[in-house]
Amino acid sequence: MKVLIVEDDPLHRSYLHEAVSAALPECETVIEAESGTMGEHLARDHRSAHIVMDLQMNNRNGIEAARTIWKERPDTRILFWSNYSDEAYVRGVSRIVPDGAAYGYVLKSASDERLKLALRSIFVEAQCVIDREVRGMQQKSLGQTKGFSDTEYEILVDIALGLTDRAIARRRNLSLRSVQNRLQQLYEKLDVYQTATDDHEDGRFNLRARAVTIAMLRKLLNYSALERAESELAEWLKSV
């Protein structure tokens, strides 16, 4: 068995290396990558079917790397090891997991024994292991009567960041009418009302969005999710 560790923090990589060696005596080779991009290349080169993946990494995060790896080899077993359990990450992982894949989501705050158990359960027994806190967020996200679809959630983030309807349509590859229809549904779910204001000249931002941001964030987003969304938005703006 080969295990690939994808983690940008050298101390965490060392800890994971020790945990893998202790939990999986049948593991013959442990490969380390310090970025999501490197992880993709090493997973391809070594045809590794067992991966421990950090989620928050510079340049290319764990969700992006896992999406590429699973697209090429959907039978790969991935344990996501992360500091974060907020909805943005939980939804991101849920969207990319192939049908029938064995995967896990364990928080870095979990005990040594919990991590070792997850490693064996996923990589040896092909079971799914999700931390209770993460599972609770999944159920909250998917089980509420007024829950949001993935598309609605993405648009909600965009409108909270201040993008206009036209900019959201361009960013998400949707028609303007589709965006406006989804926004109307979101406003109804959130019990907020659209106020008419003029867009800025560049057509990207508007004051109406800022007027409803607080109400939206209280119901859905937390600070770390918004901070990451702003970073992703900055990258998108550079490309348009």
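Biologist: Why is Y15 called partly exposed?
Modeller: In this predicted model, Y15 has a relative accessible area of 27%.

Biologist: How many aromatic pairs does the structure hold?
Modeller: Three.

Biologist: What makes Y15 and W81 a stacked pair?
Modeller: Two values. The ring centres are 5.7 Å apart, and the planes stand at 25°. Pairing needs centres within 6.5 Å, and stacking needs planes under 30 degrees apart.

Biologist: Which parts of the chain does the Y15 and W81 pair tie together?
Modeller: Helix α1 (residues 10–23) holds Y15, and strand β4 holds W81. The parts are 66 residues apart in sequence.

Biologist: Why is the pair of W70 and F80 called edge-to-face?
Modeller: The planes make 65°, with 5.9 Å centre to centre. W70 sits in helix α3 and F80 in strand β4, ten residues apart.

Biologist: How do you know whether W70 and F80 are buried or exposed?
Modeller: W70 has a relative accessible area of 3%. F80 is at 0%. Under 20% is the cut-off for buried, so both residues are buried. Together with Y103, W70 and F80 form one aromatic cluster.

Biologist: What does L4 touch, leaving out residues up to four places away in sequence?
Modeller: Among its contacts are I31, A33, L42, I51 and V52. E32, S48 and H50 are also touched.

Biologist: What is the strand order of the open sheet?
Modeller: The six strands run β2-β1-β3-β4-β5-β6, with parallel pairing.

Biologist: Why do β2 and β6 (129–130) stand at the edges?
Modeller: Each has a single partner strand, so one side of each is left without a neighbour in the sheet.

Biologist: How do you know that β4 and β5 pair?
Modeller: Five bridges join the two strands, which run parallel. Pairing needs at least two bridges, so β4 and β5 pair. W81 stands opposite V106 in β5.

Biologist: Which strands does helix α5 touch?
Modeller: Helix α5 (residues 112–123) packs on the sheet and touches β1, β3, β4, β5 and β6. Its direction makes about 160° with that of β4.

Biologist: Which residues are buried in helix α8?
Modeller: D165, A167, I168, A169 and R171, within residues 165–172. Just after α8, N173 takes a positive phi of about 55°.

Biologist: And the chain overall: how many helices and strands?
Modeller: Eleven helices and six strands. Buried residues make up 48% of the 240 residues.

Methods: Residues numbered from 1 in each chain as written. Predicted model: local features only at pLDDT ≥ 70, side-chain atom pairs only at ≥ 80, totals over all residues. Heavy atoms only, no water. Contact = heavy atoms within 4.5 Å. Buried < 20%, exposed > 50% of the residue type's maximum accessible area, 1.4 Å probe, protein only. Helix = DSSP H or I, 4+ residues; strand = E, 2+ residues; numbered from the N terminus. Axes fitted to C-alpha atoms, helices over the stretch in contact; angles between N-to-C directions. Phe/Tyr/Trp six-rings, centres within 6.5 Å; stacked < 30°, edge-to-face > 60°.
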